[in-house]
Amino acid sequence: MAATAMAQDTTITIATVNNGDMVRMQGYTDQFTEETGIGVEWVTLEENVLRQRVTTDITTGGGQFDIMTIGMYEAPIWAANDWLVPLDDLSDDYNAEDILPAMRAGLSYNGTLYAAPFYGESSMIMYRTDLMEEAGLEMPEEPTWQFIREAAAAMTDRDADINGICLRGKAGWGEGGAFIMTMANSFGARPVNEDWEPQLDSEAWAETLTFFTEMMAESGPAGYATNGFNENLSLFQQGKCGMWIDATVAASFVTNPEESEVADSVGFALAPSAEGVDKKANWLWAWALAIPAGTEQADAAKQFIEWSTSTDYIELVAENEGWANVPPGARTSLYENENYADVPFADLTLASIDAADPTNPTVDPVPYTGVQFAAIPEWAGMWGQVSQEFSAAYAGQQSVEEALEQGQAIMTDALEAAGY
């Protein structure tokens, strides 16, 4: 696995997101230090804050971190700017070819891997089987948004503090902005046409945002405009959500009886599509570890990346916490492992990942690659601002029409200024 141990006084600093799998990894870091002599300091941040911190650091050459947790959006763009160390010399034992093709492609630039996936994900439906049964409904194999809205209303019980559905409304291009993009894809909407002209003034976008806000007003939690992944995870685990459509990686947390009050009554289904639209609301993402160019600890950083994204690490977690809790969606061998085959959400996670197509993300053609984002440098800032307008509509501060009008203007100005 890792190369020979570094000097005992070597320490690397890692910036990461405060998601459960990353927090779990920190609990095993002492074993890495014992094996290699390399100390690890963690900077653990909320998702939007992490993106802001690492982006500022990489673009200014700040040098605060030896490893950054990034995703499929940043990896190819930053690699093209020579901001990342290529991971083309990982050991034979590491077996980079075992990384799922969709993850490897999304984290590469010109065929070279620049970030190693700690876990990969798409999106799917997680739902309360007991509440669905009480409502007299049965989850279809390929549900529509119209069914989801009907089921959410049937499962909502305000007196019992049960919301029929919990979804992201939190501003941020990778928070609520990512969710509404995939939903728009499944309604036949697209953010731009083939000439990079914004399309938020289209009927399909109005239908998407109107459907979302009406459904959440009927069946969603109060204050959903500020809820992201972690907030909705907490609500679901407390038994306050009938359904939750979000990252496949959450499956292990909602079915863990030590963390979830409803662990024994959770079902899973593919992300929905609108009636008559042949596109599901799947996204495609990997939280991955990358090394910023210019770090003086590149060798030690590579050792940590090999250790934490390896099959050995997966087996370490499985041995201590069970196969359901290993980092999913990154390696082909995991889905060929007989021990993992019994995990109830394993097959659906892989099917959801396979259903996401970053080269053909919408019904109509688009000029970009990416499912819940467009892989252009301007996207994060532009869509971050648009998502703020959407969140303001969710909070009742403006109408759907006003939010889309503001979003259209933001995108028009940004894309014209960038020369698209």
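Helices (H or I, at least four residues) and strands (E, at least two) are DSSP runs, numbered from the N terminus. The model toured here is predicted: local features need pLDDT of at least 70, side-chain atom pairs count only at pLDDT 80 or more, and totals for chains, interfaces and linings use all residues. Residues are numbered from 1 along each chain as its sequence is written, and side-chain values use heavy atoms, with hydrogens and water left out.

**First stop: two loops**

Select N110, in the loop between strand 4 (108-109) and strand 5 (112-113). Although N110 is not a glycine, its phi is positive, at about 55 degrees. Most residues other than glycine have a negative phi. N110 counts as exposed, at 67% relative accessibility; exposed means over 50% relative accessible area, buried under 20%, and partly exposed in between (1.4 Å probe, protein chains only).

Next, select D82, in the loop between helix 4 (74-80) and helix 5 (101-106). D82 is likewise not a glycine, yet has a positive phi of about 60 degrees. With a relative accessible area of 60%, D82 is exposed.

**Second stop: helix 12**

Select residues 298-308, which form helix 12 and include K302. Is K302 buried or exposed? K302 has a relative accessible area of 15% and is therefore buried. Display its contacts (heavy atoms within 4.5 Å): leaving aside residues up to four places away in sequence, K302 touches V85, P86, L87, D89 and I291. Nine of the 11 residues of helix 12 are buried, so this helix is largely enclosed by the rest of the structure. Among the buried residues are F304, I305 and W307.

**Last stop: helix 2**

Finally, select E35, which lies in helix 2. E35 is exposed, with a relative accessible area of 51%.
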